[in-house]
Amino acid sequence: MTFKDYIQSHRSGDFSIAEVGYRELLRSYPDNYVVMHYLGLLLCQTGRVIEGKPLLDASIAKSPNRFEFLQNRGAVNFLEGKNEEAVIDLRNALSVNPSAIAVRVQLGEALCRLGDIIGGLTEFQRTLTISPSNENALRGAVHALKSLGKSSDGLAMLHASEHSFNRSREYQLLKSELLIDCGRFSEAEAVTDDILKRAPDNVEALLYSGIALAQLKRYSESVDKFNRALIHNPSHTGALSNLAVVLHRQGRFAAAAKAIEQAVALDRTNA
């Protein structure tokens, strides 16, 4: 088999075949930085980052401006939560190929993780000038606008891009979240009700429905939605904390205190 065959095995998910091939080639050609890179990438993809990352680093040291090398290491850093390193690699990759859509979207996501929401939004918007219907960029831009307190702008963008999401469940959940932010609670409840008709156990739809119903002062229905969400996900702190608020409004103080204690305990566990 040739290097191209091993690459094809790698891309097809036949990692064991690809790894054996890469290692054989590297034994014969220890300075081949391309083989070195793809063996490093495979190792990272299969959870062996400690062994794989130095190979990525070594290959980039030998070929610092190779687009796919920078893209791959950037993606590995992103998945490892090393966002500052990911930003550097992804920006360097874009300096080689500015039209790389997936790289620009991932750069936007990494910037948002670092708290640079405006920088992330800028990258999503740049992506949309190249690919106006890119769902990942649209999603990122809408979430960034929400984080900046501009949910109405996010809602307008979502509405204008409705065809790109094809009215998916994700689109409807995001729409209901933004409608709640904008104080349009009846509309949000209608959207979540539509989701729950088709997916009655959808936890996020139950959560948003409960929030909207609480704002409409339909407290008993709201409590029911939060409880249903908790049946399917007992550790959902959002459902617990919102349930506590509604129970308190109903004057059910002991039950409210119990719900908030559970939410706080789970937050400590997950911290």
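**Note on helix packing and salt bridges**

1. Glu19 counts as buried, because its relative accessibility is 15% (buried means under 20% relative accessible area, exposed over 50% and partly exposed in between, with a 1.4 Å probe and protein chains only). The model is a predicted one, in which local features need pLDDT of at least 70 and side-chain atom pairs count only at pLDDT 80 or more, while totals for chains, interfaces and linings use all residues. Residues are numbered from 1 along each chain as its sequence is written, and side-chain values use heavy atoms, with hydrogens and water left out.

2. The side chain of Glu19 meets that of Arg23 in a salt bridge of 3.1 Å, N to O, the term standing for a side-chain nitrogen of Lys or Arg within 4 Å of a carboxyl oxygen of Asp or Glu. Both residues lie in helix α2 (residues 15–28), four residues apart, about one turn of the helix, and Arg23, at 27% relative accessibility, counts as partly exposed.

3. In helix α9 (residues 135–147), Arg139 and Glu135 are likewise four residues apart, about one turn of the helix, and their side chains form a salt bridge at 3.3 Å, N to O. Glu135 is partly exposed, at 27% relative accessibility.

4. A further salt bridge joins Glu221 and Arg218 at 2.8 Å, N to O; Glu221 is partly exposed at 38% relative accessibility, and Arg218 is partly exposed too, with a relative accessible area of 32%. Elsewhere, salt bridges that share partners link Glu19, Arg23, Arg48 and Glu51 into one network, and the count of salt bridges by this rule comes to 17.

Terms used: Helix = DSSP H or I, 4+ residues; strand = E, 2+ residues; numbered from the N terminus.
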